[in-house]
Amino acid sequence: MIKEIAKNLVELKKEFVNVYVGNSQIQELIPKSKSELFPIEEDHLDLLHRFAIKNPIYYNSFEKKIGSVDCIVYEGDINKYWLNSIQHNSSKAPFSPTWIMSGYVGVLLAKEMGYSEVIDIGSGDGRIAYCAKILDMTSYSIEIDNMLVDLQNQLTSILNFNPHCSDAVTFDYTLLNLSQPVFFIGGLAQMGGTFLATGVLDKITLMSNLKQKIGWVFAGTLSQKYVPDPKNAAGWGTLIENNNLKSVQSISLPAAWTFHESDEVMYIFAESN
(Lines give C-alpha, C1' and ligand atoms only; values in the text may rest on other atoms or scores of the structure.)
Protein backbone atom coordinates (compact mmCIF):
# COMPACT_ATOMS: atom_id res chain seq x y z
CA MET A 1 0.00 0.00 0.00
CA ILE A 2 2.79 2.45 0.90
CA LYS A 3 4.53 1.98 -2.44
CA GLU A 4 1.20 2.65 -4.16
CA ILE A 5 0.70 5.86 -2.17
CA ALA A 6 4.22 6.95 -3.16
CA LYS A 7 3.54 6.18 -6.81
CA ASN A 8 0.25 8.10 -6.66
CA LEU A 9 2.00 11.07 -5.06
CA VAL A 10 4.59 11.18 -7.84
CA GLU A 11 1.84 11.05 -10.47
CA LEU A 12 -0.06 13.79 -8.65
CA LYS A 13 3.06 15.94 -8.62
CA LYS A 14 3.47 15.51 -12.39
CA GLU A 15 -0.12 16.64 -12.94
CA PHE A 16 0.45 19.54 -10.56
CA VAL A 17 3.48 20.71 -12.57
CA ASN A 18 1.34 20.83 -15.71
CA VAL A 19 -1.39 23.00 -14.20
CA TYR A 20 0.52 25.22 -11.77
CA VAL A 21 0.66 28.85 -12.91
CA GLY A 22 2.20 30.48 -9.84
CA ASN A 23 5.75 31.75 -9.45
CA SER A 24 6.60 30.95 -5.84
CA GLN A 25 10.05 29.64 -4.98
CA ILE A 26 8.65 26.40 -3.57
CA GLN A 27 5.23 24.84 -3.89
CA GLU A 28 3.66 21.58 -2.77
CA LEU A 29 0.30 20.03 -2.14
CA ILE A 30 -1.51 17.93 0.42
CA PRO A 31 -4.79 16.09 -0.33
CA LYS A 32 -7.78 17.62 1.45
CA SER A 33 -9.25 14.31 2.54
CA LYS A 34 -8.86 10.55 2.51
CA SER A 35 -9.42 8.90 -0.85
CA GLU A 36 -8.82 5.69 -2.76
CA LEU A 37 -5.53 7.08 -4.09
CA PHE A 38 -4.48 8.41 -0.68
CA PRO A 39 -5.98 6.17 2.05
CA ILE A 40 -4.53 8.26 4.87
CA GLU A 41 -6.31 8.77 8.18
CA GLU A 42 -8.22 12.05 8.27
CA ASP A 43 -6.65 13.16 11.54
CA HIS A 44 -3.20 12.52 10.08
CA LEU A 45 -4.01 14.65 7.04
CA ASP A 46 -5.31 17.37 9.35
CA LEU A 47 -2.00 17.41 11.23
CA LEU A 48 -0.04 17.60 7.97
CA HIS A 49 -2.10 20.64 6.96
CA ARG A 50 -1.60 22.23 10.37
CA PHE A 51 2.16 21.89 9.95
CA ALA A 52 2.01 23.83 6.68
CA ILE A 53 -0.44 26.44 7.99
CA LYS A 54 1.71 27.27 11.02
CA ASN A 55 5.05 27.02 9.18
CA PRO A 56 6.40 30.52 8.32
CA ILE A 57 8.10 29.34 5.12
CA TYR A 58 4.62 29.16 3.50
CA TYR A 59 2.97 32.51 2.75
CA ASN A 60 -0.03 31.40 0.67
CA SER A 61 -2.41 28.48 0.19
CA PHE A 62 -5.39 27.72 -2.01
CA GLU A 63 -7.67 24.84 -2.94
CA LYS A 64 -7.20 23.15 -6.29
CA LYS A 65 -8.36 19.90 -7.84
CA ILE A 66 -5.39 18.09 -9.35
CA GLY A 67 -6.59 15.25 -11.54
CA SER A 68 -9.25 13.55 -9.43
CA VAL A 69 -7.82 14.70 -6.07
CA ASP A 70 -8.98 17.77 -4.16
CA CYS A 71 -5.85 19.37 -2.70
CA ILE A 72 -4.56 22.36 -0.79
CA VAL A 73 -1.57 23.94 -2.52
CA TYR A 74 0.99 25.66 -0.29
CA GLU A 75 3.39 28.27 -1.70
CA GLY A 76 6.51 29.35 0.11
CA ASP A 77 9.99 30.87 0.16
CA ILE A 78 13.01 29.32 1.91
CA ASN A 79 15.66 31.85 0.85
CA LYS A 80 16.46 33.31 4.26
CA TYR A 81 16.60 29.86 5.85
CA TRP A 82 18.74 28.47 3.02
CA LEU A 83 21.18 31.37 3.31
CA ASN A 84 21.39 31.07 7.08
CA SER A 85 21.91 27.30 6.92
CA ILE A 86 25.05 27.57 4.76
CA GLN A 87 26.82 30.01 7.10
CA HIS A 88 27.84 27.37 9.63
CA ASN A 89 31.42 26.11 9.25
CA SER A 90 30.36 22.53 9.92
CA SER A 91 27.18 22.66 7.82
CA LYS A 92 27.21 19.72 5.41
CA ALA A 93 23.96 20.21 3.49
CA PRO A 94 21.97 23.44 2.97
CA PHE A 95 18.24 23.51 3.76
CA SER A 96 16.05 22.28 0.91
CA PRO A 97 12.97 20.46 2.16
CA THR A 98 11.24 17.35 0.97
CA TRP A 99 7.48 17.65 0.54
CA ILE A 100 5.47 17.26 3.74
CA MET A 101 3.55 14.39 2.14
CA SER A 102 6.83 12.76 1.11
CA GLY A 103 8.09 12.94 4.68
CA TYR A 104 4.91 11.26 5.89
CA VAL A 105 5.12 8.44 3.32
CA GLY A 106 8.82 7.85 4.04
CA VAL A 107 8.21 7.59 7.78
CA LEU A 108 5.18 5.37 7.16
CA LEU A 109 7.48 2.92 5.37
CA ALA A 110 10.02 3.08 8.20
CA LYS A 111 7.29 2.22 10.70
CA GLU A 112 6.13 -0.70 8.57
CA MET A 113 9.73 -1.98 8.58
CA GLY A 114 9.63 -2.23 12.37
CA TYR A 115 11.43 0.87 13.58
CA SER A 116 10.06 2.66 16.63
CA GLU A 117 12.29 5.75 16.74
CA VAL A 118 13.05 8.31 14.03
CA ILE A 119 16.08 10.56 14.27
CA ASP A 120 15.86 13.32 11.66
CA ILE A 121 19.46 14.37 10.91
CA GLY A 122 19.95 17.80 9.35
CA SER A 123 16.24 18.19 9.88
CA GLY A 124 15.57 21.66 8.46
CA ASP A 125 12.11 22.60 9.70
CA GLY A 126 11.66 19.18 11.33
CA ARG A 127 8.98 17.83 9.01
CA ILE A 128 10.20 14.22 9.05
CA ALA A 129 10.40 14.14 12.85
CA TYR A 130 6.96 15.77 12.97
CA CYS A 131 5.54 13.08 10.66
CA ALA A 132 7.03 10.41 12.92
CA LYS A 133 5.18 11.93 15.85
CA ILE A 134 1.92 11.84 13.87
CA LEU A 135 2.53 8.10 13.42
CA ASP A 136 3.04 7.58 17.18
CA MET A 137 6.76 6.97 16.85
CA THR A 138 9.37 8.45 19.16
CA SER A 139 11.03 11.25 17.22
CA TYR A 140 14.07 13.50 17.53
CA SER A 141 15.13 16.35 15.29
CA ILE A 142 18.82 17.32 15.05
CA GLU A 143 19.55 20.61 13.27
CA ILE A 144 22.64 22.81 13.45
CA ASP A 145 21.00 26.07 12.37
CA ASN A 146 19.46 28.11 15.20
CA MET A 147 17.01 29.93 12.91
CA LEU A 148 15.57 26.63 11.69
CA VAL A 149 15.39 25.27 15.25
CA ASP A 150 13.53 28.42 16.32
CA LEU A 151 11.09 27.66 13.50
CA GLN A 152 10.78 24.06 14.70
CA ASN A 153 10.05 25.22 18.24
CA GLN A 154 7.08 27.21 16.91
CA LEU A 155 5.71 23.99 15.40
CA THR A 156 6.06 21.95 18.60
CA SER A 157 2.90 23.68 19.85
CA ILE A 158 1.08 21.26 17.50
CA LEU A 159 3.16 18.16 18.30
CA ASN A 160 6.43 18.00 20.22
CA PHE A 161 8.94 16.21 17.99
CA ASN A 162 11.93 16.99 20.25
CA PRO A 163 14.08 19.51 18.34
CA HIS A 164 17.78 19.74 19.25
CA CYS A 165 20.02 22.57 18.05
CA SER A 166 23.29 20.69 17.58
CA ASP A 167 25.89 19.51 15.11
CA ALA A 168 24.68 15.98 14.36
CA VAL A 169 28.28 14.74 14.02
CA THR A 170 29.13 15.68 17.62
CA PHE A 171 25.73 15.10 19.24
CA ASP A 172 25.67 12.59 22.12
CA TYR A 173 23.14 9.99 20.96
CA THR A 174 23.43 8.01 24.19
CA LEU A 175 21.19 10.69 25.74
CA LEU A 176 18.28 9.45 23.62
CA ASN A 177 18.21 5.86 24.98
CA LEU A 178 17.60 4.43 21.52
CA SER A 179 16.47 0.84 20.95
CA GLN A 180 15.09 0.45 17.38
CA PRO A 181 16.16 3.64 15.61
CA VAL A 182 16.11 4.72 12.00
CA PHE A 183 18.20 7.72 10.99
CA PHE A 184 16.96 9.95 8.15
CA ILE A 185 19.98 11.75 6.68
CA GLY A 186 19.26 15.18 5.20
CA GLY A 187 21.05 16.13 2.00
CA LEU A 188 22.00 14.42 -1.25
CA ALA A 189 25.24 12.44 -1.25
CA GLN A 190 26.69 14.85 -3.82
CA MET A 191 25.65 17.92 -1.81
CA GLY A 192 27.40 17.13 1.46
CA GLY A 193 25.21 14.27 2.59
CA THR A 194 28.03 11.72 2.62
CA PHE A 195 30.08 13.82 5.04
CA LEU A 196 27.11 14.20 7.36
CA ALA A 197 26.18 10.52 7.12
CA THR A 198 29.75 9.33 7.70
CA GLY A 199 30.08 11.45 10.83
CA VAL A 200 26.83 10.14 12.29
CA LEU A 201 27.61 6.53 11.30
CA ASP A 202 30.98 6.75 13.05
CA LYS A 203 29.29 8.15 16.15
CA ILE A 204 26.60 5.46 16.25
CA THR A 205 29.14 2.66 15.67
CA LEU A 206 30.74 3.58 19.00
CA MET A 207 27.49 3.03 20.88
CA SER A 208 27.78 -0.49 22.29
CA ASN A 209 24.24 -0.45 23.77
CA LEU A 210 22.55 -0.64 20.36
CA LYS A 211 22.08 -4.37 19.75
CA GLN A 212 18.94 -4.18 17.59
CA LYS A 213 19.02 -3.44 13.88
CA ILE A 214 19.74 0.16 13.01
CA GLY A 215 18.09 1.74 9.97
CA TRP A 216 19.40 4.45 7.69
CA VAL A 217 17.47 6.44 5.11
CA PHE A 218 19.51 8.31 2.51
CA ALA A 219 18.12 10.91 0.09
CA GLY A 220 19.49 10.02 -3.34
CA THR A 221 19.17 11.17 -6.92
CA LEU A 222 19.52 9.70 -10.39
CA SER A 223 19.67 13.15 -11.98
CA GLN A 224 22.25 13.65 -14.72
CA LYS A 225 23.25 16.89 -12.97
CA TYR A 226 25.31 14.95 -10.45
CA VAL A 227 28.30 12.66 -10.80
CA PRO A 228 27.04 9.08 -10.31
CA ASP A 229 28.43 6.87 -7.60
CA PRO A 230 30.38 3.85 -8.99
CA LYS A 231 28.36 1.60 -6.65
CA ASN A 232 25.06 3.27 -7.65
CA ALA A 233 22.31 3.37 -4.94
CA ALA A 234 21.37 6.88 -6.15
CA GLY A 235 24.72 8.24 -5.01
CA TRP A 236 25.05 6.27 -1.77
CA GLY A 237 26.45 2.92 -2.95
CA THR A 238 30.05 3.49 -1.90
CA LEU A 239 29.08 4.73 1.56
CA ILE A 240 26.71 1.79 2.03
CA GLU A 241 29.41 -0.71 1.06
CA ASN A 242 32.18 0.97 3.06
CA ASN A 243 30.05 0.96 6.21
CA ASN A 244 28.91 -2.66 5.84
CA LEU A 245 25.28 -1.67 5.35
CA LYS A 246 22.66 -3.54 3.37
CA SER A 247 20.24 -1.73 1.06
CA VAL A 248 16.77 -3.18 1.72
CA GLN A 249 14.18 -0.79 0.24
CA SER A 250 13.89 2.26 -1.98
CA ILE A 251 11.06 4.67 -2.64
CA SER A 252 10.76 7.65 -4.99
CA LEU A 253 9.13 10.83 -3.62
CA PRO A 254 8.87 14.54 -4.55
CA ALA A 255 10.89 17.27 -2.86
CA ALA A 256 10.98 21.06 -3.22
CA TRP A 257 13.94 20.97 -5.60
CA THR A 258 12.47 18.27 -7.85
CA PHE A 259 9.38 20.28 -8.85
CA HIS A 260 10.86 21.09 -12.26
CA GLU A 261 12.84 17.84 -12.50
CA SER A 262 11.80 14.61 -14.21
CA ASP A 263 13.36 12.51 -11.45
CA GLU A 264 12.20 12.59 -7.84
CA VAL A 265 14.29 11.97 -4.73
CA MET A 266 15.12 8.29 -4.35
CA TYR A 267 15.07 7.40 -0.67
CA ILE A 268 17.37 4.45 0.02
CA PHE A 269 16.57 2.41 3.14
CA ALA A 270 19.58 0.53 4.49
CA GLU A 271 20.33 -1.52 7.60
CA SER A 272 23.40 -2.35 9.60
CA ASN A 273 24.52 -5.91 8.91
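Trainee: How many aromatic pairs does a search of the whole structure find?
Mentor: This is a predicted model, where local features need pLDDT of at least 70, side-chain atom pairs count only at pLDDT 80 or more, and totals for chains, interfaces and linings use all residues. Residues are numbered from 1 along each chain as its sequence is written, and side-chain values use heavy atoms, with hydrogens and water left out. Rings of Phe, Tyr and Trp (its six-membered ring) pair if their centres lie within 6.5 Å. By that rule, the count for the whole structure is twelve.

Trainee: Which geometry do Y173 and F183 show?
Mentor: Planes under 30 degrees apart count as stacked, over 60 as edge-to-face and the rest as tilted. The centres of Y173 and F183 are 5.9 Å apart, with 75° between the planes. The pair is edge-to-face.

Trainee: Why does the pair of Y173 and F183 tie together parts that are apart in sequence?
Mentor: Helices (H or I, at least four residues) and strands (E, at least two) are DSSP runs, numbered from the N terminus. Y173 lies in the loop between strand 6 (163-165) and strand 7 (181-185), while F183 is in strand 7, so the pair links parts whose separation in sequence is ten residues.

Trainee: Is Y173 buried or exposed?
Mentor: Buried means under 20% relative accessible area, exposed over 50%, partly exposed in between (1.4 Å probe, protein chains only). Y173 has 0% relative accessibility, so Y173 counts as buried.

Trainee: Which residue has its charged end over the ring of Y115?
Mentor: A charge sits over a ring if NZ of Lys or CZ of Arg is within 6 Å of the ring centre and within 35 degrees of the ring normal. Here the charged end is 4.9 Å from the centre of the Y115 ring. The residue is K213.

Trainee: In what order do the three strands of the open sheet stand?
Mentor: Two strands pair if DSSP finds at least two bridges between them. The pairing in this sheet is antiparallel, and the order is 1-3-2. Strand 1 (26-31) and strand 2 (58-66) have a single partner strand each, so they stand at the edges.

Trainee: Which residue in strand 3 is the bridge partner of E28?
Mentor: Strand 1 and strand 3 (residues 69-76) run antiparallel and are joined by six bridges. For E28, the partner is Y74.

Trainee: What angle does the direction of helix 2 make with that of strand 1?
Mentor: Axes are lines fitted to C-alpha atoms, for helices over the stretch in contact, and angles run from 0 to 180 degrees between N-to-C directions. Contact means heavy atoms within 4.5 Å. Helix 2 (residues 42-54) packs on the sheet and touches strand 1, strand 2 and strand 3. Its angle with strand 1 is about 155°.
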